[in-house]
Amino acid sequence: MRIKFIVVAIVAIIALSYVSTDFNTLNPVNGLWSAAGNANYTSGNYHISGLRYPVNITIDSSGVAHIQARNLHDLFIAQGYYEASNRLFQMELEALLASGNLSSYVGTSALNSDIAMHMIGIPQNAALLNSYVMTDYPQYYGYIQDYSEGVNAYINASAGNLPLGFKLVGKKPFQWTPLDSFAWQEYMTWDLTTGGTSQLQTDLLYSALGYANLSQIWPYYPYYTTNITMVPGNGTVNGLNLSDMGISSGYLWSLNWYSQFATGLNTSLFSSLKDLMENALSNISDPYGFSTRNTLRPEVGSNSWIVTSNYSSLNSPILANDPHLTLLAPSLWIPVQLEAPGINATGWGLAGLPGILIGHTATTSWGLTTPEGATANDYLEILNGNNYTYNGKEYTMWEYNYSLLGSKYSIFYTNNGPLIARSGNLGISMNWTASIPSPDLVAEIKLDMSTNYSQMINALRLWESPPQNFVLAGIHNTGYITAGLYPTINETLPNGQKVAVIGSRSLLNGSNPDYRITGQVPFKYLPQIQNPARGYAFAPNQPTVGKNYPYPFIGGYWTSGGRAQTIYHYLKSHRNTTVQDMMNLQSNVSDYWASQFVPVILKSLSSMSMNASQAMAYTILSQWNYTSYVNSTGETVYWYYLSELYNITFDRVYADHGLSSLTKPFDTSALYLALNDPSSATWFNGSYNQTSQTAFTREVSFLLQKLGPVSTWTWGRVHILEIASLTGLSALGLGPYPMYGDSHTVSAAYVSRQLQVPEPYVTVGPSLREVSDPAKSLFYGVFPGGPSENPISYYFSNQLTAWFDHQYYNMSTQTTEVRFVYD
Amino acid sequence: MTKMGAVLSIIASAAVSYATLFFLPLAYLAVIAAIPLMYLKGWRSFVAGLIVGIGSAFSLYLIYPFQKVAELSAIIGGIVSLSPVLVLVVFPLVYGLILGFASLLWSEIRENVVQRKAKSGTGSGN
């Protein structure tokens with residue numbers, strides 16, 4: 001009897017311990033705890049099969065790995081091995097996400113994401129790209145294979161001691177292939193693609209608000225941006241402009257580009273397509289919310305600028321770049337130097353892809369921002385069963401089948417692209433340029449091998465998707481080019497003139513050949529500028545070119561230009577610019593639009609009788625210098641005023657039409673309307689002053705209730721940064737931290753405008769900062785993280801404090817901390 | 001059982017425990033590590049097993065830097081919504097309990113066998 005009791009007790013304990021399926025992963029030897037033993041780098045020799053000669057790797061005190069090999073084959077094997085040894089779990093999770101196969105790892109919770117990836121076409125495009133690069137660029141494909149080989153060498157070597165992430169999910173890594181790298185490239189391409197969702201949003205707003213109201217809040221060129229284009233001037237590029245083609249830019253931009261001449265569709269149709277368009281929007285939104293763009297988030301972007309030799313204190317070009325992406329722990333970036341005969345590049349690569357995407361060589365430097373011109377266009381399709389109609393005839397749709405978790409799914413393609421929504425005999429297809437293979441990785445490796453400005457330009461001839469504003473600096477020359485494939489549509493204007501335009505504001509008629517993509521902007525006429533005469537240029541997602549550009553950006557969905565204005569005014573007034581000036585500008589937390597809007601707000605409130613709290617808030621606002629440090633109360637008063645103003649203007653109108661989920665108008669639209677249409681019945685109920693006073697009254701009352709006395713309304717209490725883990729587990733992320741900046745400051749910390757305390761967490765910001773002067777061998781950089789994905793490693797977040805403080809690492813002079821030899 | 005014999009049993013159990021934890025770190029293998037403790041009687045075998053189990057499993061954390069173990073326990077605790085201390089002790093505790101009860105089991109079995117042998121020996125004498 002006693003023995004029976006003991007047996008039952010033992011069995012019960014064992015059974016209970018196995019309720020958690022992977023209880024044994026808590027064992028101290030090779031379970032989760034082994035991550036505690038892998039937290040630091042250890043100098044030593046590591047054998048990697050496939051290497052022809054030993055490869056030396058040193059890790060410097062900032063966490064940058066310097067990989068020195070005797071040939072490119074060994075170099076890329078070593079890069080693959082090193083990156084996998086630091087980021088394998090991240091890389092595989094990202095590859096699964098991009099390949100639409102995440103559900104095989106995490107189950108049904110990822111099913112919608114996987115379906116969205118297939119619908120957008122990311123896995124299909126990756127397969128096409130893989131074949132294309134293999135056939136057309138075999139030498140470079142070899143480098144990508146070398147990288148994969150290095151990744152797999154690490155996977156095989158680590159079989160008995162897997163990274164923490166794999167133990168947490170109870171999975172083993174799969175073998176890496178070039179297809180996984182291409183899938184991640186395609187995902188990042190989608191992340192940086194403009195269009196696709198934009199046309200659907202503007203159509204929904206058009207049908208609800210009408211052209212006049214829509215134009216007020218979403219003008220083709222955002223308000224106050226005509227003087228701050230990337231290419232200075234009226235839009236002439238290499239001598240070509242609209243006027244010389246006999247087309248009046250004034251006439252062209254005065255047209256209603258939602259109307260039938262532009263789209264082939266009767267605008268009265270839009271209201272009946274509301275459900276279809278909303279389904280399309282939903283179907284191509286990444287349910288993981290990881291994507292920076294192509295979601296319904298607030299405006300986000302990146303910064304870059306250059307000063308020419310004549311404008312710099314050192315008589316040599318200086319470049320600055322800080323791309324704004326979703327801030328993740330670990331970062332999307334991994335810092336590395338690649339050195340072998342024919343290449344010596346230092347900078348940041350995307351984990352999972354060979355090469356360096358942003359960085360410098362000894363004599364060149366480059367960075368990128370997103371130009372925001374549409375490369376994904378949506379078409380309305382007429383369907384009949386499995387057929388679509390084109391030019392009066394029916395054709396059978398091409399069917400793509402795939403399986404997830406044992407179930408089969410299909411996607412149907414018209415001649416324009418995949419159907420992203422269907423209702424009865426109508427559907428919406430998406431034409432995305434990434435379905436044309438783009439050898440961006442080849443361009444990237446060529447950039448890594450560049451030794452002068454013209455070599456960088458030549459490398460970018462191969463860059464197609466997504467178009468990017470490449471900021472370039474060599475020893476003598478500096479400039480910009482918006483490299484990439486911009487698809488054009490041949491439009492016939494109401495006056496009979498023809499013009500090739502980029503993108504649309506609206507759904508296009510997929511059945512009508514007149515609205516098909518028929519060409520692309522020639523490389524020579526892509527927006528570009530070299531050594532601008534005024535001494536500087538900048539490209540923080542504002543309009544790239546003026547309205548006289550020969551290929552009008554009808555599908556230009558630019559940001560409001562607040563960062564561009566700050567950069568413009570700074571550079572304009574800082575001749576003899578230094579590298580330190582560039583760093584100072586990257587740390588700027590002044591909100592330019594606030595400096596324009598606050599005087600208007602104060603004036604509207606001046607006649608208001610106020611209680612003590614309101615008077616104090618008013619005083620704080622009137623004394624505010626428009627900076628958004630964490631101890632600023634002026635920023636809080638300003639931001640919540642705008643949130644309240646939105647709540648009773650734009651949000652109200654959007655809600656009335658059931659469109660609350662759509663992107664809200666820019667702050668500049670509110671400013672413009674307050675100045676130019678203060679008695680608008682639609683937006684201000686007849687009086688901006690009255691609306692403004694109501695917003696202010698509500699704001700003070702709201703914040704008193706949520707935050708207490710006015711003097712305690714510091715920005716850091718409501719504006720908070722979280723650097724999340726890709727797994728979604730907050731324990732594996734970084735933060736929350738009180739955060740400076742706002743959506744319009746150069747040192748950006750984007751926040752969607754919600755009336756809540758605290759604001760929704762900041763999740764997008766400068767994913768790295770780079771300042772370079774190649775002629776003087778000055779290269780500085782910092783990013784919010786470190787090379788390792790192990791959350792208890794020093795190298796998980798070793799650069800984070802410097803990033804917060806706007807400090808930089810000299811990328812040439814760091815001391816060596818650790819030495820590896822791969823042999 | 002002499003004192004020396006008890007100590008040797010405990011040492012042998014600890015040795016088997018370390019061996020299984022290193023090479024086959026599965027909690028139920030504590031049943032094997034408990035075998036040498038069968039020579040202890042009653043509650044002594046349970047207590048010895050519990051101590052050997054908890055001690056051997058817990059001491060293995062010493063192969064890692066303490067601070068890193070503490071940081072990791074906070075992270076894992078955050079993921080599974082448990083106290084970091086509990087996350088740290090749960091495996092050694094469960095392992096120790098299995099080892100303790102298994103020791104008791106082996107001890108009971110051994111005593112039963114011995115008693116049966118003794119009984120059968122008495123019978124043959126009659």
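A polar contact is a pair of N or O atoms within 3.5 Å. Asn71(A) sits at the N-terminal end of helix H3 of chain A. A side-chain oxygen of Asn71(A) lies 3.2 Å from the backbone nitrogen of His73(A).

H3(A) covers residues 72–98. The helix has 27 residues, yet its end C-alpha atoms are only 28 Å apart. A straight helix would reach 39 Å at 1.5 Å a residue. H3(A) also contains a kink of about 90°. The kink is centred on Arg87(A). H3(A) is mostly covered, with 26 of its 27 residues buried. Gly100(A) follows the helix and has a positive phi, near 65°.

Confidence in chain A was examined next. The mean pLDDT of chain A is 94. A value of 70 or more is reached by 97% of its residues. Over residues 292–296 of chain A, however, the pLDDT is below 50. This stretch still has 27 contacts in the model beyond near neighbours in sequence. Where pLDDT is low, the predicted coordinates should not be read in detail.

Strand S3 of chain A, residues 65–68, pairs with two other strands of the chain. Its pairing with strand S2 (residues 55–60) of chain A is antiparallel and runs over four bridges. Within this pair, Thr58(A) stands opposite His66(A). The hairpin of S2(A) and S3(A) has four residues between the strands. Gly63(A), in this hairpin, takes a positive phi near 95°. The pairing of S3(A) with strand S7 (residues 333–340) of chain A is parallel, again with four bridges. Here Gln68(A) stands opposite Glu339(A) of S7(A).

Thr364(A) lies in the loop between strands S9 (358–360) and S10 (365–369) of chain A. The relative accessible area of Thr364(A) is 0%, under the 20% cut-off, so the residue counts as buried. Its side chain makes a polar contact of 2.6 Å with the side chain of Thr361(A). The side chain of Thr364(A) makes another polar contact, of 3.0 Å, with the side chain of Ser450(A). Leaving aside residues up to four places away in sequence, Thr364(A) touches residues including Thr451(A), Asn452(A) and Met456(A). Also among them are Ala473(A), Gly474(A), Pro774(A) and Phe779(A).

Two cis peptide bonds can be located in chain A. Gly735(A) and Pro736(A) are joined by a cis bond, with omega near 5°. Pro736(A) belongs to strand S27 (residues 734–738) of chain A. The bond from Val757(A) to Pro758(A) is cis as well, with omega about -10°. Pro758(A) is placed in the loop between S27 and strand S28 (764–766) of chain A.

Phi of Asn238(A) is near 45°. Asn238(A) is in the loop between helix H11 (211–217) and helix H12 (249–254) of chain A. With a relative accessible area of 44%, Asn238(A) is partly exposed. In chain B, phi of Ser81(B) is positive, near 55°. Ser81(B) lies in the loop between helix H4 (66–80) and helix H5 (84–125) of chain B. The relative accessible area of Ser81(B) is 64%, over the 50% cut-off, so Ser81(B) is exposed.

Notes
Residues are numbered from 1 along each chain as its sequence is written. Chains are lettered from A and ligands numbered from 1 in the order in which they are written. This is a predicted model: local features need pLDDT of at least 70, side-chain atom pairs count only at pLDDT 80 or more; totals for chains, interfaces and linings use all residues. Side-chain values use heavy atoms; hydrogens and water are left out. Two strands pair if DSSP finds at least two bridges between them. pLDDT is the predictor's confidence in each residue, from 0 to 100. Contact means heavy atoms within 4.5 Å. The expected span of a helix is 1.5 Å times one less than its number of residues. The bend at a residue is the angle between axes fitted to the seven residues ending there and the seven starting there. Buried means under 20% relative accessible area, exposed over 50%, partly exposed in between (1.4 Å probe, protein chains only). A polar contact is a pair of N or O atoms within 3.5 Å; within protein, one must be able to donate a hydrogen and the other to accept it, and residues adjacent in sequence count only if both atoms are side-chain atoms.
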